[in-house]
Amino acid sequence: MRKSKYILYLVAPALLLGACGKKNPDSPGIEFMPDMYRSTSYETNSSSPVFADSMTNRQPVEGTIALGFKPYPYKNNNQGYELAGRWLKNPVDPTPENIGTGKVLYDKFCQHCHGATGQGDGHMVNIGKYPSPPPSYSGPLKNLSEGKMMHSIHHGKNMMGSHAAQLNMEERWKIIRYVQTLQGIDFNTMSADSVYQQRCGATLEKKKEK
């Protein structure tokens with residue numbers, strides 16, 4: 001009798017484990033807690049009693065910054081424009097490769113208004129889409145700082161709309177490097193640091209202290 005009990009103790013677990021086996025490889029087997037396997041969820045854009053505003057779709061926590069995204073620090077006003085002009089420094093080296101990439105991007109996003117050589121004689125201007133042409137990079141904008149260019153690309157300025165959705169920060173800085181060559185800057189004879197100091201009026205040492 002005692003021997004039979006031992007056999008039962010050995011066979012019962014084997015039978016129990018055997019019951020957990022599945023002939024259909026797509027079957028989940030026995031679900032001991034089905035509410036954990038198949039929890040009730042709310043459809044996207046549907047209402048939900050869980051939250052006070054009844055919205056299933058939740059906004060990110062205030063202050064959340066997307067991975068790989070760098071917030072732009074200056075507001076879209078005259079003060080922000082001046083601050084950007086003084087403190088923003090182009091982190092992209094003025095190498096032939098970066099300037100060449102900037103030209104490609106400029107031709108795609110800027111040439112139709114500013115013109116191939118930055119004279120404000122682009123196609124959109126020539127067909128009368130603007131009341132007045134954009135200022136020339138070799139004229140009124142010849143000494144425009146790289147920070148003010150970035151601010152204008154990010155927020156837009158006058159008739160020019162924002163390009164923040166079309167171009168990431170690195171692409172914008174590369175365009176600016178190319179635009180600086182249209183301003184007459186020769187990076188073979190001038191360093192990026194000297195151009196920054198000359199245009200914005202702030203030394204690198206003061207910028208580091210800010």
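Reply: In this predicted model, the largest nonpolar core has 29 residues. Leu88, Tyr106 and Ile175 are those with the most contacts inside it. Two or more residues of this core come from each of α3 (78-87), α4 (96-109), α7, α8 and α9. The most are given by α8, with six residues.

Apart from its neighbours within four places in sequence, leucine 88 is in contact with Tyr72, Tyr74, Leu83, Glu146, Gly147, Met150, Trp173 and Tyr196.

The axes of α7 (residues 146-155) and α8 (residues 169-182) come within 10 Å and cross at roughly 130°. An angle over 145 degrees would count as roughly antiparallel, and 65 to 115 as roughly perpendicular; α7 and α8 are therefore oblique to each other. The crossing of α7 past α8 is right-handed. On the α7 side, the contact is made by Glu146, Met149, Met150, Ile153 and His154. On the α8 side, Met169, Arg172, Trp173, Ile176, Arg177, Val179 and Gln180 take part. Of the residues in this contact, seven are nonpolar, two polar and three charged.

Helix α9 (residues 192-200) holds glutamine 197. Glutamine 197 lies 108 residues from lysine 89 in sequence, while their C-alpha atoms are 9.4 Å apart in space.

How values were computed:
Residues numbered from 1 in each chain as written. Predicted model: local features only at pLDDT ≥ 70, side-chain atom pairs only at ≥ 80, totals over all residues. Heavy atoms only, no water. Axes fitted to C-alpha atoms, helices over the stretch in contact; angles between N-to-C directions. Helix = DSSP H or I, 4+ residues; strand = E, 2+ residues; numbered from the N terminus. Parallel < 35°, antiparallel > 145°, perpendicular 65-115°, else oblique. Left-handed = near helix turned anticlockwise from the far one by under 90°. Contact = heavy atoms within 4.5 Å. Nonpolar A, V, L, I, M, F, W, Y, C, P; charged D, E, K, R; others polar. Core = buried A, V, L, I, M, F, W, Y, C linked by side-chain atoms within 4.5 Å. Buried < 20%, exposed > 50% of the residue type's maximum accessible area, 1.4 Å probe, protein only.
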